[in-house]
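This briefing covers selected residues and aromatic pairs in one structure. The sequence and the model are shown first, and the points follow by topic.

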Amino acid sequence: MPCNGHVELCDRPFDEVVFAGTHNSHSALDEGFPVLNANQEHGISRQLSDGIRVMLIDVYPDADDPDTVVMCHGPCGLASTPHVDGLTEIVEFLQDNPREVVTIIYEDHVAVDQIAADFATTGADALTFAHPSGDPWPSLGAMIDANTRLVVTGESGGPPPAWFHHVWDEAWDTPYGPMQAEDLSCDLNRGSSDHALFLMNHWVNDELGLPSMDNAAAVNVAAVLQARADDCAAQWTHVPNFVVVDFYEQGDLFAVVDALNGV
């Protein structure tokens with residue numbers, strides 16, 4: 001039985017697996033986000049169906065009802081969708097695909113208990129994995145057998161609940177948001193390289209600092225993406241776990257992730 005599509009990954013610890021990811025996963029043209037600030041073409045359900053397993057999601061309080069959490073990118077007045085809707089899509093995918101493990105990295109502008117309430121509403125909390133600090137990560141197969149297949153982290157908040165991890169206690173990342181491909185760097189940005197998980201931010205904005213499908217088409221090709229992942233792996237003696245891009249359908253993200261996983 002495969003784990004995230006490959007039998008070879010079942011015995012591999014979570015922190016030794018490479019996962020395909022999307023930046024501002026919720027901010028998609030198909031979901032009504034404008035060209036001005038859409039980082040993806042397709043929404044969450046389509047991304048999961050296509051093979052995305054890491055989602056970077058920004059959450060804010062709704063302007064009209066601060067008790068409601070919405071997903072936005074930049075000014076929420078441009079576009080927003082309810083957090084419970086996106087979370088429901090993730091839960092439905094995991095229920096329909098019991099051999100898959102998914103990670104969420106929140107840019108959280110709301111209290112953790114508000115996020116946790118949406119997890120309770122959707123049943124997502126029953127699928128979460130809690131990683132005790134300092135413990136080794138289990139294999140994908142063990143997480144699947146336990147049905148704890150949703151890893152949840154936030155940039156600002158942290159536990160409790162135990163399954164809501166502060167991402168920079170678990171991971172480190174590269175700089176993000178350059179406006180030239182040659183400025184993509186493997187240098188340390190946030191977190192500590194002593195941590196087990198490595199996030200490689202891989203997107204290039206346009207000259208106004210906005211998302212660019214043309215730039216994604218250029219930097220997501222195998223020759224560029226594979227070379228940068230290899231450079232980052234060599235610099236840190238650690239293959240990037242989360243390879244995160246804009247407009248994932250452009251280029252060769254999935255082929256590169258498979259190559260990095262050796263499958």
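In this predicted model, Asn261 belongs to helix α7, which spans residues 253-261. Asn261 has a relative accessible area of 6%, under the 20% cut-off, and is therefore buried.

**Contacts of Asn261**
- Apart from neighbours within four places in sequence, Asn261 is in contact with Leu9, Arg12, Glu16, Val17 and Val18.

**Cys186 and its surroundings**
- Cys186 sits in the loop that runs between β8 (171-173) and β9 (197-202).
- With a relative accessible area of 9%, Cys186 is buried.
- Beyond the residues within four places of it in sequence, Cys186 contacts Thr174, Arg228, Asp231, Cys232, Gln235 and Trp236.
- Thr103 lies 83 residues from Cys186 along the chain, and their C-alpha atoms are 22 Å apart.

**Aromatic pairs**
- The whole structure contains 12 aromatic pairs.
- One of them joins Trp172 and Trp236, with ring centres 5.9 Å apart; the planes meet at 65°, so the pair is edge-to-face.
- This pair connects distant parts of the chain, since Trp172 is in strand β8 and Trp236 is in helix α6 (residues 222-236), 64 residues apart.
- Trp172 is buried at 1% relative accessibility, whereas Trp236 is partly exposed with a relative accessible area of 22%.
- A cluster linked by ring pairs consists of Phe14, Phe19, Phe129, Trp137 and Phe242.

Key: Residues numbered from 1 in each chain as written. Predicted model: local features only at pLDDT ≥ 70, side-chain atom pairs only at ≥ 80, totals over all residues. Heavy atoms only, no water. Helix = DSSP H or I, 4+ residues; strand = E, 2+ residues; numbered from the N terminus. Buried < 20%, exposed > 50% of the residue type's maximum accessible area, 1.4 Å probe, protein only. Contact = heavy atoms within 4.5 Å. Phe/Tyr/Trp six-rings, centres within 6.5 Å; stacked < 30°, edge-to-face > 60°.
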